[in-house]
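Subject: Structure handover

Hello,

Here is the structure we spoke about. Please open it alongside this note; the findings follow below.

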Amino acid sequence: MAKDEMPKSDFRDAILWHLTYTLGKDPDHAQVFDWRLALSHAVRDRIVDRWMASTRATYRADAKRVYYLSMEFLIGRLLQDNIVNLQLADQAQAAIESFGLDYRDLLLDEPDAALGNGGLGRLAACFMESLATLGCPAYGYGIRYEHGLFRQSFAEGRQMEAPEDWLAQPYVWQFERPEARFTLGFGGRVVTRDGKPVWEPENFVQSEAYDVPVIGWQGAWANTLRLWAGRAVDPFDLGRFNAGDFTAAAEAEALARTISRVLYPEDSTEAGKRLRLTQEYFFSAASIRDILRRFEADHADLRLLPQKVAIQLNDTHPAIAGPELLRILHDERGLPFDEALAITRACVNYTNHTLLPEALESWGEGLFGELLPRHLQIIDRIDAEDAKAHPDRRNAARGEGRVRMGELSFILSNRVNGVSALHTGLMKTTVFADQHRIWPDRIVNQTNGVTPRRWLHGCNPRLSRLITQTIGDGWVGDLEQLQALEPHAADAGWLEQFAAVKAANKADLSDWARREHGLTLNPQALFDVQIKRIHEYKRQHLNILEAIALWQEMRENPSADWTARVKIFGGKAAPGYFFAKDIIRLINDVAGVINADAATNEKLQVVYLPNYNVTLAERLIPAADLSEQISTAGKEASGTGNMKFALNGAPTIGTLDGANVEIRELVGPENFFLFGLTAEEAEARRAVPDHAARAVAGDPRLKRAIEAIRSGIFSPGEPDRYANIVENLTGADYFLVASDFADYWRAQREVDFAYADRDGWARMAALNVARSGWFSSDRTIRGYMQDIWNAKSLLGQE
Ligand code: 26V
């Protein structure tokens, strides 16, 4: 094969061609890494034509485009996802095996793109895939962080953080767009010229675009994820270099690149840092310019903007996009302020993802005004007009010397949405009650979803095959078809096959855990899994307390008929969140003691897998028997892991929180292990004096478990290692761990009992699969298209 004979049709030849001419590698010496890149290039080629066809179709139709602005896109690996959606899996596997290589090894060689912290970022990635699947013309806009979420390891049980380095090797999925650059200003002052305000920034940086194509199911449509990187306007100062100051010569470039250097690892505290506000403005402003450039290429009348542009703010992190759009329309394009405001509001929408007060963004006006002086004036004007129009309004966007981003986003949005029915209801009665009274139609619900391509078809090939054998393959693009499995859940022969899938997935996980971590898991045991960020409200400490109490009871009563369990944990803590780090260490310490106890370790194991990420989730979820969704009611906005588990046949033990409520309604209360206070009861319980102390005093099991921690048996020689946790559990206990413990224990024993009946359990698990089709992110995106964006699918027009 010669270079000018680039093979089009034969996939195997295409891989060889790329290995040779794109990568310059001799096939005789190529390593897994080289083959993986060659395969990726061959796959990418098959995306590009469809991608361009989609873009052209959007121009032709002059269609409305959706712009999803998100500080985070937790996309993970893309090679398998792209292969699956192009339906190339069989061809790719055959080609790779014909070279004498292991196909899975190749897929696993790709680093995770971890450009997000958790649920919010992963949701954005699922949405991008569903937007493409539905043929909705859309762009994702975010930041191309050089370092994604840190890598986690444990040293004596403590979390260690190391920088993540996904860009240390070529990233095949990105296309650099040096032509799509914008110069963005920061700081400076506002002057008046000809009676008009003019912002004169003091510092400038450039935004450089990198495009990642996102291909939908069956390759019918592809959209763009555009990630911005910081670059200096003048990257190199030759004068300083010639004067001998080599470091200073490159200083501007180093500073500009700092903007897109790292992802902030906080996911639930408002990290009030100048660099973070800079990041927020940097990517929001670049995106707004890009949106306007695309619009103005074909339209002269800015009043048409809302017909052609829908902007979605993924939480408040891109909220400054609103004032930026308004500023350009008014200051730079000359529209009257009120008209600019009306157009902005008709384009912008805002999704709220948390009601935790400590996570609601606000900025001190000093910092804000220093960095964005003109925006502060604009916000002040909007807020003042809002105050005049609604004199009885209480929650303003400005107050106490701060700019409140949630309130700002609300008044600048056409629609505001929550992410589960319960959460949206709470938005209306708590954080946004005042706004809801003034604009009763603005808040809508869009319950989250997950893409079935990655979270069932891709990650669980055995279950996917069984489902397709049973009901055909239409379910991958239309997840509600899973309902057709329901009659089979009554068929003993089918349930046996279903149970065999789970058993094989568990065996795979056990093999991997032995190879990778030297762990021996009992595959007969119930795999009880809690994987998510570590947070007090998510209550990993409730889970580990139950493990301690169970272990104590097993020791006391060794001959009882215990259901064997492996409790599996995974998740990272924000580096500065010390309580969460204590929880991690406690789990690891407890694991050490319990796993070493020969009297119980055939019945109970505790395992904390390090560096939880998208790839680890794809391994764990198909192998899980039980899904732990045990947040304090009212605190988890939705959850999306909860949906992935149900879809993969792991029933939930959970509270009435977030989307658990909807999962339970759909799978049926008899197929869900409910416990705990409701959101309303939780609020009331906090007002009861000494609620925690009373709960502890009233429950000998809980008391004994806490005593064990206090005594130091899990921290020999350092009994007060967990003084903080113990004090919290018996004192303020804002998250009601003590109050919910007894009911959690009860529900866990119900799980034990149910699991002992293996046929009954398989039926319950299968019904969870059959009834979870509604949790597809395709359904969620259809909801946004209809209720929020007024956007249409262009499928069939590409
Ligand atoms: C994010 C960040 C990012 C960096 C620095 C500061 C900061 C502060 C707050 C937040 C908000 C994170 C909110 C969030 O992740 N919410 C989760 O969103 C999921 C998708 O809707 C949902 O399933 C989870 O329940 C919710 O906790």
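Start with Phe 368, which sits in helix 14 (residues 365-371). Helices here are DSSP runs of H or I with at least four residues, strands are runs of E with at least two, and both are numbered from the N terminus. This is a predicted model: local features need pLDDT of at least 70, side-chain atom pairs count only at pLDDT 80 or more, and totals for chains, interfaces and linings use all residues. Residue numbers start from 1 along each chain as its sequence is written.

Phe 368 is buried, because 21 other C-beta atoms lie within 10 Å. The cut-offs are 20 or more for buried, 12 or fewer for exposed, and partly exposed in between, with C-beta atoms placed from the backbone. Leaving out residues up to four places away in sequence, Phe 368 touches Trp 363, Leu 376 and Val 403. Contact means C-beta atoms, placed from the backbone, within 7 Å. Pro 391 is 23 residues from Phe 368 in sequence and 26 Å away in space, C-alpha to C-alpha.

Next, Lys 644. UniProt, in an unreviewed entry, places "modified residue: N6-(pyridoxal phosphate)lysine" there. Such annotations may be inferred rather than shown by experiment. Lys 644 lies in helix 25 (residues 641-647). Lys 644 is buried, with 30 other C-beta atoms within 10 Å. Its contacts, not counting residues up to four places away in sequence, are Val 450, Trp 455 and Ile 621.

Now the domains. Domain 1 covers 62-77 + 112-265 + 273-448 + 782-789, and domain 2 covers 520-766. These bounds come from an automatic or database domain assignment. The C-alpha centres of the two domains lie 36 Å apart. Across the boundary, 33 residues of domain 1 are in contact with 29 residues of domain 2. On the domain 1 side, strand 2 (73-76), helix 6, strand 5 (151-155), strand 6 (158-162) and helix 17 (421-429) each supply at least two residues.

Last, a helix pair. How do helix 6 and helix 33 pack? Helix 6 (residues 119-133) and helix 33 (residues 777-789) meet at about 75°, with axes 9 Å apart. Axes are lines fitted to C-alpha atoms over the stretch in contact, and angles run from 0 to 180 degrees between N-to-C directions. The two helices are therefore roughly perpendicular, a label for 65 to 115 degrees. Helix 6 brings Cys 126, Phe 127, Ser 130, Leu 131 and Thr 133 to the contact, and helix 33 brings Ser 777, Asp 778 and Ile 781.

Best wishes

Terms used: Two residues are in contact if their C-beta atoms, placed from the backbone, lie within 7 Å. Angles under 35 degrees count as roughly parallel, over 145 as roughly antiparallel, 65 to 115 as roughly perpendicular and the rest as oblique.
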